[in-house]
Amino acid sequence: MRHLLLTMLLVLSAPTAKAAERWEMLPATPAPIAADRTGKVDANGISIHYAVYGAGSPVILLHGGLANADYWGYQIEALKAHHTVIVMDSRGHGRTTRDARPYGYDLMADDVVALMDALKIPKAGILGLDLAIRHKDRVGKIFAFGANTVPSGVKDDVEKNPTFAAFIARARQEYEKYSATPKEYDAFVEQISKMWASEPNWTDAQLKAITSEVLVVDGDRDEAIKREHTEYIAATIPGTGLLILPNVSHFAFLQDPGLFNYAVLHFLGDR
């Protein structure tokens with residue numbers, strides 16, 4: 001009996017495991033959503049996979065590095081009632097191919113414009129900052145989430161953060177599922193990492209020349225982007241708003257899609 005009581009006391013007094021915070025979790029990638037139209041466009045030396053949903057003014061959702069268009073599933077559902085939503089797999093990501101040219105932000109921005117030309121979209125709202133500099137006449141409002149304008153805006157050793165490391169591991173499985181070169185994930189990551197280490201390098205003058213309406217957005221627990229860098233971007237682009245979403249990270253669109261979607265819709269004028 002003494003041993004039983006001692007065991008019970010030890011169990012009762014043992015610390016309970018701390019539940020993971022929302023910003024520490026990496027929710028599942030949304031399942032692919034049936035599109036109104038999907039296909040591939042041969043442009044700028046590659047085959048670009050795209051999908052189109054809904055009707056209304058066009059909005060293009062550009063996913064982050066190593067990901068694919070499926071990651072926007074929750075945003076597609078929220079936006080397609082108000083907009084024509086276009087998603088694409090970036091160069092070398094998902095179902096889009098690449099050529100021998102090294103990855104670069106300018107090249108990938110040109111891919112977006114090549115898709116817009118093929119789909120006869122003269123101008124669109126963009127979730128991404130790149131096109132505001134290189135193709136300002138093709139973008140309307142810009143919802144710039146988790147952006148950096150120089151490599152030093154990224155935190156050191158971000159790949160060792162548990163949430164980001166889990167994303168890299170998941171991205172391998174998704175790359176192997178979708179890519180035309182499923183065995184080349186390690187080379188893919190190495191090449192993308194080279195781009196991240198050296199690009200972008202946008203100057204204050206380039207940022208100050210942006211004329212689009214921009215909202216700079218990030219999660220208050222972003223494991224990848226330095227807060228001071230996010231604040232610098234918002235302070236440098238003329239007339240730009242700054243929004244810090246609470247209790248979420250670089251994966252806010254998965255962790256709290258309701259809040260993320262409300263912010264996008266409000267910025268686009270739909271709320």
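**Cavities, pockets and a helix pair**

Biologist: How many cavities of 30 Å³ or more does the count come to?
Modeller: The count comes to 1 cavity of 30 Å³ or more, where a cavity is a set of points on a 1 Å grid over the protein atoms alone in which a 1.4 Å probe fits but cannot get out. This is a predicted model, in which local features need pLDDT of at least 70, side-chain atom pairs count only at pLDDT 80 or more, and totals for chains, interfaces and linings use all residues. Residues are numbered from 1 along each chain as its sequence is written, and side-chain values use heavy atoms, with hydrogens and water left out.

Biologist: What volume does the largest cavity have, and which residues line it?
Modeller: Its volume is about 50 Å³, counted as the space filled by probe spheres set on grid points joined across faces, edges and corners. The lining (residues with an atom within 4 Å of a point) is made of Leu66, Ala67, Asn68, His93, Gly94, Ala171, Glu174, Tyr175 and Phe188.

Biologist: Which element gives the most to that lining?
Modeller: Helix α5 gives the most, with 3 residues; helices (H or I, at least four residues) and strands (E, at least two) are DSSP runs numbered from the N terminus. By class the lining of the largest cavity has 5 nonpolar, 3 polar and 1 charged residues, with Ala, Val, Leu, Ile, Met, Phe, Trp, Tyr, Cys and Pro as nonpolar, Asp, Glu, Lys and Arg as charged, and the others, Gly among them, as polar.

Biologist: At what angle do α5 and α6 pack?
Modeller: Helix α5 (residues 162-178) and helix α6 (residues 185-198) pack at about 125°, with their axes 10 Å apart. That angle makes α5 oblique to α6, because angles under 35 degrees count as roughly parallel, over 145 as roughly antiparallel, 65 to 115 as roughly perpendicular and the rest as oblique.

Biologist: Which residues make the contact?
Modeller: Ile168, Ala171, Arg172 and Tyr175 of α5 meet Tyr185, Asp186 and Phe188 of α6, contact being heavy atoms within 4.5 Å. By class, this contact of α5 with α6 has 5 nonpolar, no polar and 2 charged residues.

Biologist: Changing topic, how much space lies in the largest pocket?
Modeller: About 1,100 Å³ lies in the largest pocket, a pocket being an open set with protein on both sides within 12 Å along at least five of seven lines. It is lined by 50 residues, of which Gly64, Gly65, Tyr105, Trp196 and His250 are the closest to its centre. The elements that give two or more residues to this lining are α3 (105-118), α4 (130-134), β6 (139-145), α5 and α6. By class, the lining of the largest pocket has 33 nonpolar, 10 polar and 7 charged residues.

Biologist: And which residues lie nearest the centre of the second largest pocket?
Modeller: Pro32, Ile33, Ala51, Tyr53 and Asp70 lie nearest the centre, out of 14 lining residues, and the space in this second largest pocket is about 160 Å³. Strand β2 gives the most to its lining, with 3 residues.

Biologist: Is the peptide bond from Glu199 to Pro200 cis or trans?
Modeller: The bond from Glu199 to Pro200 is cis, with omega near -10°, and Pro200 has its place in the loop between α6 and α7 (204-208).

Note on methods:
Axes are lines fitted to C-alpha atoms, for helices over the stretch in contact, and angles run from 0 to 180 degrees between N-to-C directions.
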